[in-house]
Amino acid sequence: MKSTAEGLKEAKEEVKGYRPKMPEIIEMAESICSMKVKEMLKEAGAEYMFVQKEAFHMVGRRRVTPDGGGAWGVARADGTIEKMEALGTGKPFCGLCFGFGADGSNDNMVAVEYEGELEGLESFSYPPHRWLVYVLSGKVSEDLLGNAWWYINNKLLDELEIKKDNLPTMEAYLEWDNENDRCSVEICIPYVER
């Protein structure tokens, strides 16, 4: 039987990235937002992979704000970040995007994966689902997230013949260091086949 890494290496022939034939996916028991995913992709020389993930639960602060990612400012100001840090989960903080309004407002949530409820925090539960996980690392100053989302929305989803499902997308911040101008982020998109 082949290891996951061997399977990933063989699958990257067609494009720069892991491109399995549908519906081949990798079962992930642990968090999809994990160093393990990043290590698997690095070993395979890939940028993305398909993952099947069982149900999981997020807690944090959800707000509709005038622009994308506005819940971060609220979470910093009201002590949510400190509450999430105190959980000691070892899992990265995530940004969930529930969607944009016609006026450009963004329904978004700052959260961490945690099984349980916390007083004063909102929660969201994802059902078992398939995910496209796209990993990027580089300089914060180069607008990596903006460029990655453009590529995903305008090229990659069409190439892979999948579309976003109606669940919120998620960005997992494995590293975000403004001072040293570096970041490592997983973009996680719940998907269905076209």
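Val192 counts as partly exposed because its relative accessibility is 28%; partly exposed means between buried, under 20% relative accessible area, and exposed, over 50% (1.4 Å probe, protein chains only). Val192 lies in strand S10. Strands (E, at least two residues) and helices (H or I, at least four) are DSSP runs, numbered from the N terminus. Leaving aside neighbours within four places in sequence, Val192 is in contact with Ile162, Lys163 and Asp165. Contact means heavy atoms within 4.5 Å.

This is a predicted model, in which local features need pLDDT of at least 70, side-chain atom pairs count only at pLDDT 80 or more, and totals for chains, interfaces and linings use all residues. Residues are numbered from 1 along each chain as its sequence is written, and side-chain values use heavy atoms, with hydrogens and water left out.

Asn180 sits in the loop between S9 and strand S10 (182-193). Asn180 is also partly exposed, because its relative accessibility is 45%. The table gives one C-alpha pair for each of these two residues.

| Pair | Apart in sequence | C-alpha to C-alpha |
|---|---|---|
| Val192 and His129 | 63 residues | 9.1 Å |
| Asn180 and Lys139 | 41 residues | 8.5 Å |

Now the whole chain. The protein chain has five helices and ten strands. Buried residues make up 46% of its 194 residues. Among contacts between residues at least 6 apart in sequence, 73% join residues at least 24 apart. The accessible surface comes to about 10,000 Å², and 49% of that belongs to carbon and sulfur atoms. Areas come from the Shrake-Rupley method with a 1.4 Å probe.

The largest pocket holds about 710 Å³ of space. A pocket is an open set of points on a 1 Å grid, with protein on both sides within 12 Å along at least five of seven lines; a 1.4 Å probe fits there, and lining residues have an atom within 4 Å of a point. Its lining has 28 residues, and Gly69, Trp72, Gly95, Glu171 and Tyr173 lie nearest the centre. S9 gives the most to this lining, with six residues. By class, the lining has 14 nonpolar, eight polar and six charged residues.

How confident is the model? The chain averages a pLDDT of 82, and 76% of the residues score at least 70. This score is the predictor's confidence in each residue, from 0 to 100. Confidence is highest in strand S6 (residues 122-126), at 96, and lowest in helix H1 (residues 4-11), at a mean of 43. Over residues 1-16 the pLDDT is below 50. Where pLDDT is low, the predicted coordinates should not be read in detail.

Technical notes:
Grid points are joined across faces, edges and corners, and a volume is the space filled by probe spheres set on the points. Ala, Val, Leu, Ile, Met, Phe, Trp, Tyr, Cys and Pro count as nonpolar, Asp, Glu, Lys and Arg as charged, and the others, Gly among them, as polar.
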